Amino acid sequence: MRLRIRPYEPEDACELAAAVAESQPELYRWMDWAHPGYSLDDAARWLAERPRLFRQGSEYEHAVFVTLDDGVERYAGGCAVNLIRPAEGIANLGYWVRSSLAGRGIATGAARLLVELARNSTDLRQLEIVCASGNHASRRVAAKLGAVDTGPVAARLMIHGRPHEAFVYRLDLR
């Protein structure tokens, strides 16, 4: 398996919309943006803003591609450094993988690539991974990355308008 990440481009709209549609029940449980009825227009609107935000350094959203044994490269999901707090040198690290490719180490591999980019290309000193307490897959990825589990925090995440307990993992870059 080969992994590749790159900044999102507006031309990724079809692949993004298809992956969200395929994975919507799993994604929406933890991510409000992956709502029922997520459309090509939703993907296109979101992607239209990415280049500007990337240039500004306010978020670094990346498309994840995987090449399996058949040699075909597929859009697998996304990973991001976002919610950047420049004064503190801290940002959020997030990731998701489409359902048909889950469980193959893709999220961990893509996150590792993005951590290295953040380490080498930004002034950030720390990344946080915030996982809803019930999101065991995301928590496993954080652990595989070597992130330090700082424990549960009550009402740390808002999901579907309701506060949820979350585990916060810390990954030092410096």
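The charged end of Arg-139 sits over the ring of Phe-167, with 3.6 Å to the ring centre. This is a predicted model, so please hear every number as computed from it. There is another contact of that kind: Arg-4 lies over the face of Phe-65, 4.7 Å from the centre of the ring.

A search of the whole structure finds 7 aromatic pairs. Take Tyr-8 and Tyr-75: their pair is tilted, at 6.3 Å centre to centre and 55° between the planes. This pair links distant parts of the chain, 67 residues apart. Tyr-8 is in the loop between strand 1 and helix 1, while Tyr-75 is in strand 3. Is Tyr-8 buried or exposed? Tyr-8 counts as buried, because its relative accessibility is 5%, under the cut-off of 20%. Tyr-75, at 3%, counts as buried too.

Tyr-75 also pairs with Phe-65. What geometry does that pair have? The centres are 5.9 Å apart and the planes stand at 75°, so the pair is edge-to-face; the angle is over the 60 degrees required. Phe-65 lies in strand 2 and Tyr-75 in strand 3, so this pair ties together parts that are 10 residues apart in sequence. Phe-65 has 8% relative accessibility and therefore counts as buried. Seven residues, namely Tyr-8, Trp-33, Tyr-38, Trp-46, Phe-65, Tyr-75 and Trp-96, form one aromatic cluster.

Next, the nonpolar cores. In soluble globular proteins, nonpolar side chains tend to be buried together. Here the largest nonpolar core has 32 residues. Which of them touch the most other members? They are Val-81, Leu-93, Tyr-95, Leu-127 and Ile-129. At least two residues of this core come from each of strand 2, strand 3, strand 4, helix 3, strand 5, helix 4 and strand 7. Helix 3 gives the largest share, 7 residues. A second, separate core has 16 residues, among them Ala-13, Ala-17, Val-20 and Ala-63.

Helix 3 itself runs over residues 106-121, which is 16 residues. From its first C-alpha to its last, helix 3 reaches 22 Å, close to the 22 Å expected at 1.5 Å a residue. Its buried residues are Ile-106, Ala-107, Thr-108, Gly-109, Ala-110, Ala-111, Leu-114, Val-115 and Ala-118. As background, an α-helix has 3.6 residues a turn, so residues three or four places apart point the same way.

Back to Ile-129 for its contacts. Not counting residues up to four places away in sequence, Ile-129 touches Asn-92, Leu-93, Tyr-95, Ala-142, Leu-145, Ala-147, Phe-167, Val-168 and Tyr-169. Phe-167 in that list is the ring under Arg-139.

Gln-126 is in strand 5, which covers residues 126-132. With 9% relative accessibility, Gln-126 counts as buried. What does Gln-126 contact, leaving aside neighbours within four places in sequence? Its contacts are Gly-89, Ile-90 and Ala-91, together with Arg-170, Leu-171, Asp-172 and Leu-173.

Strand 6, residues 148-159, pairs with strand 7 in the antiparallel sense over 7 bridges. Val-148 has Arg-170 in strand 7 as its bridge partner. The hairpin has 2 residues between the strands, and His-160 takes a positive phi near 55°.

Definitions and conventions
Residues numbered from 1 in each chain as written. Predicted model: local features only at pLDDT ≥ 70, side-chain atom pairs only at ≥ 80, totals over all residues. Heavy atoms only, no water. Helix = DSSP H or I, 4+ residues; strand = E, 2+ residues; numbered from the N terminus. Expected span 1.5 Å × (residues − 1). Buried < 20%, exposed > 50% of the residue type's maximum accessible area, 1.4 Å probe, protein only. Contact = heavy atoms within 4.5 Å. Phe/Tyr/Trp six-rings, centres within 6.5 Å; stacked < 30°, edge-to-face > 60°. Lys NZ or Arg CZ within 6 Å of the ring centre and 35° of its normal. Core = buried A, V, L, I, M, F, W, Y, C linked by side-chain atoms within 4.5 Å. Pairing = 2+ DSSP bridges.
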